[in-house]
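Colleague: I would like to learn how to read a model of this kind, one feature at a time. Could you take me through it slowly?

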Amino acid sequence: MTIGVGYIAGLVSGALWGAIAMIVFGVTLTLASGAAATPAVTAGAIAGLLSAAVLMYRPPEGRTSGVAIASAAAMLVGLVLVSFAQPFGLPLSQLPAWQGIALIAVVGCVWAANRLCLQDARSGRLTRYDFEVIVVRVLKGLGFIIFTIIVALPFYVMVMTSIKSQQFLIANPLDFSVDLSQGIGPLFDSYVRLFEEFRFGRYLLISAYVSVSTVVLTLLFAIPGAYAVARLRFPARTVLSRSILLIYMVPAIVLVIPLYSVFSQLQLRDTLLGLMIVYPATTIPVALYMLQGYFRGLPAELEEAGLMDGCTRLGVILRITLPLSLPAVASVALYVFMIAWNEFLFAFMFLDNPDIFTLSRGVVSLDSSEVPRQFLMAGSVVATVPVLIIFLWFERFLVQGLTAGSVKG
Amino acid sequence: MVTHTEAADTAERGTTAAKPPNTKLGPMARGEARLAFALLAPTFAIVLAIVLFPLLANFWISFKPVQLADLRPPTPVASERVRGEATAVGDQLLLQYRLRNSSQKAEIRDVSLTDTLPDGLEPLEIDERCVLDGTAISCDLGTWPPGYRERIEIPLEVGAAYLADPVSPRDSRPVMVGDAVNILTSFDFTLSNFQRAFSASEFWVVLRVTIYYTVFGTAGALVLGLFAAQLLNTNFRGRGFLRGLFLFPYVAPVIAVAFTWVVLLDPFSGTLNAIFKQMGVVDSPINFFGQRAVDFELFGLQLSFPLALSTVIAFEAWRYFPLSFLFILARMQSISSDMYEAAEVDGATPMQQFWYISLPQLAGIMSVLFLLRFIWTFNKFDDIFLLTGGAAGTRTLTVDVYEQGFALSNLGAGAAVAVVVFFVLLVFALVYFRFTPKEEGL
């Protein structure tokens with residue numbers, strides 16, 4: 001073996017992964033078990049370095065499974081020795097099962113990371129290409145971990161806070177362990193009370209009603225409009241098709257004061273009808289824009305054939321254009337549903353009567369010092385779950401529609 | 001409907017005809033245009049009513065001295081009382097109308113009161129402004145100045161019919177009618193809203209915060225999106241799962257994720273602060289959304305880090321990176337692999353391939369995304385409002401609109417700030433039109 005840039009790069013990578021694995025699984029152990037673990041990060045780094053040193057000792061061809069096992073063993077032994085048998089700052093006798101799982105996870109993670117980053121890395125001098133390959137692998141690995149954590153952690157906290165009581169969390173904000181022994185009922189107590197006392201069942205229905213109406217109205221307005229912009233020739237067509245997106249850039253906050261004033265005087269403000277007028281108006285332009293992009297891509301010959309055979313324009317739209325553009329219509333519908341479901345500003349400004357709150361408005365009403373936190377989080381979960389389920393179900397459509405047709409903010 | 005089909009018929013024939021070279025439209029082209037406008041008419045109507053009209057109305061309101069309370073128009077209010085007992089024929093009751101103008105600021109003209117008396121109650125004398133017609137009283141009360149109050153009393157004599165069937169006079173409500181100037185439609189203008197908006201030293205702070213928030217929020221979302229797209233641009237197991245997961249922040253309702261961040265970063269019961277403390281990163285909890293600035297020293301320089309604003313910017317980048325990620329990933333997958341193969345043969349390293357092939361190919365979509373996101377971030381209200389309510393140095397222009405218009409109940413001042421928002425946006429929109437590359441299809 002030769003000691004060169006490759007060897008040093010391997011050691012750095014090993015140490016980095018050792019430290020990261022300790023942090024990630026140490027914190028996970030704390031959150032899952034409720035024990036106050038303090039992972040020995042330095043020990044993790046040293047053990048990771050040792051593990052990489054063992055792996056890199058042999059040239060790439062000679063890294064047999066035996067070497068891999070030796071490398072993993074080096075990690076385990078190094079970690080336990082350097083941390084004085086307290087890898088997570090706890091005596092091993094406390095929660096041995098949890099600690100054992102975490103220890104195996106750390107060793108497994110470092111082993112896998114070393115394998116993925118360093119398996120074919122030479123220990124001597126590296127070409128710039130080979131060196132960068134190692135750097136990119138390490139960075140990508142880091143990227144996966146960081147992105148997954150920053151995305152998943154808030155949602156994890158949302159769900160876990162909703163099934164814990166506030167006093168409990170103030171006492172120990174890190175304890176997200178799920179106590180199954182108390183049974184399902186008490187565990188989901190905040191949800192039960194949310195539906196019974198805070199009327200979230202009603203808000204769920206109202207949100208669904210408003211969102212679906214918005215989708216239907218938007219499509220009724222946008223489909224004919226999009227067809228006209230895409231297929232028919234008329235003066236000012238180009239100006240129009242470019243100004244559609246411009247309308248979409250008008251901020252809601254500029255519209256809120258005049259709409260609030262006028263709707264107050266027309267007695268429309270504290271009504272669902274008011275919302276169902278405003279929501280489609282804000283979604284029609286973008287729906288029209290996305291649909292016209294798709295309509296333009298359909299072959300005009302099909303429609304011309306329909307016209308030749310005696311269909312009227314409206315017949316052509318209904319019998320030829322719409323069936324062909326069903327995927328686009330579905331994605332626009334989903335998208336509009338998402339906007340209407342998630343809308344906050346107008347619901348907040350317009351609705352005062354607790355009988356007709358939408359979910360967004362209902363969740364805001366839980367944000368008070370008198371209502372314990374778990375209800376706020378349970379409300380957030382109730383507002384999030386339906387839209388996430390629909391989104392995951394139709395993800396393919398939505399992604400296609402967003403990227404093909406166009407955009408949104 | 002008739003015109004629709006007529007237009008459709010004409011248009012039908014119109015499609016096969018070649019477009020005439022002169023600019024005047026032929027009859028068929030005119031029919032086609034008519035159909036197009038008919039199809040677009042509902043969209044025009046609703047956009048006109050809910051977007052363009054409020055836009056103009058906002059200008060109008062910004063020049064008017066309107067308070068939130070003025071939205072309730074001045075009305076004449078009457079409350080009716082009956083004094084005395086009716087036990088025998090000939091007893092006297094006293095009917096009182098207590099009248100007032102609900103507004104302290106506006107007069108009401110041509111006020112009138114009408115009411116009906118129950119059977120068997122005979123007025124002994126009647127106010128000179130009132131007329132009795134059978135059992136109906138109507139009074140013509142003239143013009144009431146702001147804050148006007150008065151009391152009209154009518155003594156009544158009890159008759160046998162009333163004792164037999166005692167219907168309280170209060171059962172028939174007095175009907176009040178009056179004309180008041182609606183402050184929204186009057187021609188009463190003022191510049192004080194703009195004076196107030198611009199003269200406050202806070203305005204320039206707000207403007208600066210808005211610019212920081214917009215620039216860094218947009219850049220953050222774009223850079224995160226670029227990295228995320230790099231990660232998922234290879235095929236591996238679990239890729240679809242991760243792609244779905246990465247879109248979560250964008251799909252979930254803002255209200256849910258904003259409150260979750262508040263709970264997560266809470267200085268007392270928040271998980272993140274607890275983790276930091278447990279790991280020994282910090283000694284005392286960090287108040288992410290409540291602390292305006294952190295002072296620190298770097299190479300002898302006293303610097304101040306705007307903590308709350310940075311946290312809010314981090315939230316913005318977190319919530320909107322999925323969008324740029326989606327677009328950048330779609331664009332990356334359409335880059336031909338030939339180029340990378342050729343680069344590989346020529347010995348280009350991974351970083352070189354990224355700098356000299358990927359980035360130039362992504363420049364178009366990234367600049368479009370930057371412009372659009374820039375505008376949308378500038379427009380954003382919900383996020384900051386829910387996270388900090390504009391406290392601790394995070395008040396942007398949009399939050400200021402709410403603060404002036406609703407928290408301080410001065411609609412006119414709020415509208416004045418909204419006008420500023422609109423004009424800044426107009427500049428962005430012009431830039432957008434000027435620089436959007438058409439080939440990106442946006």
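**Reading burial, contacts and interfaces**

Modeller: A:Val329 counts as buried, because its relative accessibility is 11%, where buried means under 20% relative accessible area, exposed over 50% and partly exposed in between, with a 1.4 Å probe and protein chains only. This is a predicted model, in which local features need pLDDT of at least 70 and side-chain atom pairs count only at pLDDT 80 or more, while totals for chains, interfaces and linings use all residues. Residues are numbered from 1 along each chain as its sequence is written, chains are lettered from A and ligands numbered from 1 in the order in which they are written, and side-chain values use heavy atoms, with hydrogens and water left out.

Colleague: Where is A:Val329 placed, and which residues is A:Val329 in contact with, leaving aside its neighbours within four places in sequence?

Modeller: Helices (H or I, at least four residues) and strands (E, at least two) are DSSP runs, numbered from the N terminus, and A:Val329 sits in helix H15 (residues 326-342) of chain A. Contact means heavy atoms within 4.5 Å; once neighbours within four places in sequence are left aside, A:Val329 touches A:Leu219, A:Leu291 and A:Leu322.

Colleague: Is A:Thr218 buried or exposed, and what does its side chain reach?

Modeller: A:Thr218, a residue of helix H9 (residues 200-231) of chain A, is buried, with a relative accessible area of 0%. Its side chain reaches the backbone oxygen of A:Thr214 at 2.6 Å. Beyond four places in sequence, the contacts of A:Thr218 are A:Pro280, A:Thr283, A:Ile284, A:Ala287 and A:Val336.

Colleague: How should I read the interface of the two chains, and how many salt bridges are counted between chain B and chain A?

Modeller: Begin with area: buried area is the accessible area (1.4 Å probe) that two parts lose on being put together, summed over both. Chain B and chain A bury about 9900 Å² between them, with 78% of it on carbon and sulfur atoms, and the contact involves 118 residues from chain B and 111 residues from chain A. A salt bridge is a side-chain nitrogen of Lys or Arg within 4 Å of a carboxyl oxygen of Asp or Glu, and the count between these chains is two. B:Glu32 forms a salt bridge with A:Arg233, their closest N and O atoms being 3.7 Å apart. On the side of chain B that touches chain A, helix H2 (residues 27-62) of chain B gives the most, with 22 residues.

Colleague: Which domains does the assignment give for chain A, and how far apart do their C-alpha centres lie?

Modeller: Domain bounds come from an automatic or database domain assignment, which for chain A gives domain 1 (5-180) and domain 2 (192-404). The C-alpha centres of these two domains of chain A are 45 Å apart, and eight residues of domain 1 are in contact with eight residues of domain 2. Together the two domains of chain A bury about 650 Å², 74% of it on carbon and sulfur atoms. A:Met158, A:Ser162 and A:Gln166 supply 67% of the area that domain 1 of chain A buries against domain 2 of chain A, more than any other three residues. Across this interface of domain 1 and domain 2 of chain A, zero salt bridges are found.

Conventions: A polar contact is a pair of N or O atoms within 3.5 Å; within protein, one must be able to donate a hydrogen and the other to accept it, and residues adjacent in sequence count only if both atoms are side-chain atoms.
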